[in-house]
Amino acid sequence: MPMEMLTTLEGIWFLLAGVFLVGYALTDGFDLGTGILTIFTKKDENRRILYNAIAPVWDGNEVWLIAGGGMLFAAFPVVYAASFSGFYLAILLVLWALIGRAVAFEYRNKKETPLWRNTWDWIYWIGNFVPALLFGVAVGNAVIGVPIDQEGIYRGDFFTLLRPIPLLMGFVAAFMFLMHGSAYLLRKTEGEVFELAKKAAYIGFFGYVITLAITDFLMVIVTPFLYDNFFKYPLFWITPAFIIIGLILYFKNLVSNNYDKVIYGSTLTTVGTVLTIALASYPVLIRSSLNPEYNLTIWNSASSHITLTIMLVVTILMMPIVIFYTTYVYRVFKGKVSSEGGYH
């Protein structure tokens with residue numbers, strides 16, 4: 001491992017950025033995965049179960065997204081400016097999708113008519129699928145490179161982001177979240193929704209494996225430099241190992257009917273995927289496709305040391321509170337969920 005990760009403020013904040021990304025992927029990731037299944041069941045009772053399965057925790061899970069955005073703004077403002085301007089339309093689509101998801105929670109059951117509920121169910125589905133896809137697309141573009149000039153200004157448009165590898169990484173993310181969401185539902189549901197989750201778990205698993213294999217094959221050809229860090233720092237191989245071990249645990253528990261343990265595999269796979277991408281790009285946060293000298297790294301895009309120091313103190317004080325609250329909520333609502341919202 002490069003020592004600057006542990007001995008410099010910029011390196012420490014790179015590690016903390018990974019923590020925020022992993023925290024969001026693990027928590028809101030299964031929210032997105034369960035929401036993707038909404039339109040694949042016709043019964044209103046089953047759809048209510050899908051909503052109720054995440055109702056007590058979904059808004060708390062988004063704390064990680066908000067904290068991550070705040071971290072990016074304060075710790076790496078140049079990256080924040082480049083990404084939020086260059087990926088403006090994509091971020092706006094994600095924002096409106098997440099708003100639609102939140103509104104669907106509140107409005108879906110305000111009327112009993114099928115048209116009303118179906119409309120909100122589709123808005124809810126869009127609010128889960130679009131972020132799941134575009135988060136992967138955004139990360140893919142940041143890793144393989146976008147047209148960033150020497151001033152850190154994005155010189156492309158929305159369609160520049162829709163290249164084959166970033167799009168494939170978007171589907172890798174969507175299938176990964178489907179895996180995680182299905183594993184969560186296998187612990188939280190019974191009956192028809194449980195059976196739906198089993199089918200979705202297989203679809204998510206094979207979809208993830210296939211899209212990841214295709215993406216890796218193309219990256220070996222197009223962006224072989226992304227593998228350099230793993231040979232330069234052998235300890236980095238731990239994170240791809242997490243993916244492999246996670247996939248084995250996921251599939252093994254799924255086929256042997258150990259449904260409560262399937263989520264251990266999806267958790268390990270999610271952690272491994274996020275960290276592997278981050279370590280492959282280190283120390284680059286956004287790569288420039290115009291000139292490597294224009295790359296936005298943890299060194300040339302970080303805030304002052306006083307800012308990073310103050311933020312580090314605040315993070316050390318506040319993060320245990322967030323972790324305690326999250327753990328407490330999951331313990332309180334740990335039972336199986338019903339269509340009426342009760343737990344047993």
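Q: What makes the 1 cavity of 30 Å³ or more in this structure a cavity?
A: In this predicted model, 1 cavity of 30 Å³ or more is found. The term denotes a set of points, on a 1 Å grid over the protein atoms alone, where a 1.4 Å probe fits but cannot get out. The largest cavity has a volume of about 40 Å³, a volume being the space filled by probe spheres set on the points. Local features need pLDDT of at least 70 and side-chain atom pairs count only at pLDDT 80 or more, while totals for chains, interfaces and linings use all residues. Residues are numbered from 1 along each chain, and side-chain values use heavy atoms, without hydrogens and water.

Q: Which residues line the largest cavity?
A: Lining residues have an atom within 4 Å of a point; here they are V57, G60, N61, Y325, T326, V329 and Y330. Two or more of them come from each of α4 (58–61) and α14 (305–332), helices being DSSP runs (H or I) of at least four residues, numbered from the N terminus. The most, 4 residues, come from α14.

Q: Why are α9 and α10 called roughly antiparallel?
A: The axes of α9 (residues 164–188) and α10 (residues 191–222) cross at roughly 155° and come within 7 Å. Axes are lines fitted to C-alpha atoms over the stretch in contact, with angles from 0 to 180 degrees between N-to-C directions. Angles over 145 degrees count as roughly antiparallel, and α9 and α10 are therefore roughly antiparallel to each other. Their contact has 23 nonpolar, 5 polar and 1 charged residues.

Methods
Angles under 35 degrees count as roughly parallel, over 145 as roughly antiparallel, 65 to 115 as roughly perpendicular and the rest as oblique. Ala, Val, Leu, Ile, Met, Phe, Trp, Tyr, Cys and Pro count as nonpolar, Asp, Glu, Lys and Arg as charged, and the others, Gly among them, as polar. On a 1 Å grid over the protein atoms alone, a cavity is a set of points where a 1.4 Å probe fits but cannot get out, and a pocket is an open set with protein on both sides within 12 Å along at least five of seven lines; lining residues have an atom within 4 Å of a point.
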